[in-house]
Amino acid sequence: MKFIVDHDYHIHSCKSACSDDPNQTPERILQYAVENNLKHICLTDHFWDDEISGASNFYSLHPLNKIKSLLPLPQADGVKFHFGCEADMNKDLVLGLLPHHYDEFEFINVALTHFHMGDFTRDTQKVSTPEERADWAIKRVHALLDMDLPFEKVGIAHFTVPLIANGREEQIKTINSMSDDALYEAFGRVADKGVGVELNFNLSSYEGQDITDMLRPYRIAKDCGCKFFMGSDAHHPEKFNTIIKNFNDIADALELSEDDKFKPFG
């Protein structure tokens, strides 16, 4: 059966500093789900555990009590609104989430390619070129998989996000610097651990060879048996107008079926 777009597991609220939009409320997010017949949505505001030192200026704005202040989340018939987070890993490969807080979240989406954060997520002296960024991204995947996590509810967020590089040209060069062998090794482990792979990019903004290059890591992930989920990474209500078409376009481009779907909520 063809992949059915019935979820969005990566949505930010006004509590994420990069949104800070008073209109991006749980109620408005739920409205988006109802209007688009989504069965599952998940709130994934940025989070860095208060008990782990060394938070960046950005992550220090996202303690647990702040993102939990929106609970309980509103619900609607036919829609399950889940509480999750977007966690991150610093340049020392420390995940900003402690084990005794795993149960606070129904879903843990981990960003591994926020390389725009400079010295927080990478050593800027050693990780600068597309080749170095590519190697570092792959290394961070392996570091995540080496951890003792509840992998059944863990996702890898926007692996090929533009933030992995400086501009479109360098983004594509970085992706192309990831060898097939390295991607097969990494995504083979992702599949073995049962971790979800997020599909989160605007397909219509790419053309020609760039589309092929963008899809290559995900085609390899599919070949490895990885399971996929859709994430809009929406920060403002205006984005809700174009999300579902983009999700369907990505699913069609990758020829996904229901068997390829990551289901952290059953």
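Helices and strands here are DSSP runs, numbered from the N terminus. The model is predicted.

Ser232 sits in a loop. That loop runs between strand β7 (227-230) and helix α7 (243-253). The relative accessibility of Ser232 is 3%, so the residue counts as buried. The cut-off for buried is under 20%.

Which residues does Ser232 contact, leaving aside neighbours within four places in sequence? They are Asp8, His10, Ile11, Asn200, Lys239, Ile243 and Phe247.

## The largest pocket

The largest pocket holds about 390 Å³ of space. It is lined by 21 residues. Closest to the pocket centre are Asn200, Phe201, Asn202, Lys239 and Asn246.

Helix α7 gives the largest share of the lining, with five residues. By class, the lining has nine polar, seven nonpolar and five charged residues.

## Nonpolar cores

The largest nonpolar core has 76 residues. Which of its residues have the most contacts inside it? They are Ile41, Phe105, Ile108, Phe159, Val190 and Leu199. Helix α3 (residues 130-145) supplies the largest share of this core, eight residues.

A second core is separate and has six residues. Tyr9, Cys42, Phe107 and Phe265 are among them.

Not counting residues up to four places away in sequence, Ile108 touches Cys85, Ala87, Leu97, Tyr102, Pro150, Lys153, Val154 and Gly155.

## Aromatic pairs

The whole structure contains 16 aromatic pairs. One of them joins Phe83 and Phe105, with ring centres 5.4 Å apart and planes at 20°. Why is this pair stacked? Planes under 30 degrees apart count as stacked, and the Phe83 and Phe105 planes meet at 20°, so the pair qualifies.

Phe83 belongs to strand β3 (residues 80-88). Phe105 lies in the loop between β3 and β4 (107-111). The two parts are 22 residues apart in sequence, so the pair ties them together. Phe83 is buried, with a relative accessible area of 5%. Phe105 is buried too, at 2%.

Phe229 and Phe262 make a tilted pair. Their centres are 5.8 Å apart, with 45° between the planes. Phe229 is in strand β7, and Phe262 is in the segment after α7. The pair links distant parts of the chain, 33 residues apart. Phe262 is buried at 5%.

Both belong to a cluster linked by ring pairs. The cluster consists of Tyr9, Phe107, Phe229, Phe262 and Phe265. Tyr9, Phe107 and Phe265 are also included in the second core.

## Glu207

Glu207 is in the loop between β6 (196-199) and α6 (209-224). Its relative accessible area is 64%, so Glu207 is exposed. The cut-off for exposed is over 50%.

How far apart are Glu207 and Glu51 in sequence and in space? They are separated by 156 residues in sequence. In space, the C-alpha to C-alpha distance is 44 Å.

Technical notes: Residues numbered from 1 in each chain as written. Predicted model: local features only at pLDDT ≥ 70, side-chain atom pairs only at ≥ 80, totals over all residues. Heavy atoms only, no water. Helix = DSSP H or I, 4+ residues; strand = E, 2+ residues; numbered from the N terminus. Buried < 20%, exposed > 50% of the residue type's maximum accessible area, 1.4 Å probe, protein only. Contact = heavy atoms within 4.5 Å. 1 Å grid on protein atoms, 1.4 Å probe; cavity = no way out; pocket = protein on both sides within 12 Å on 5 of 7 lines; lining within 4 Å. Points joined across faces, edges and corners; volume = space filled by probe spheres on them. Nonpolar A, V, L, I, M, F, W, Y, C, P; charged D, E, K, R; others polar. Core = buried A, V, L, I, M, F, W, Y, C linked by side-chain atoms within 4.5 Å. Phe/Tyr/Trp six-rings, centres within 6.5 Å; stacked < 30°, edge-to-face > 60°.
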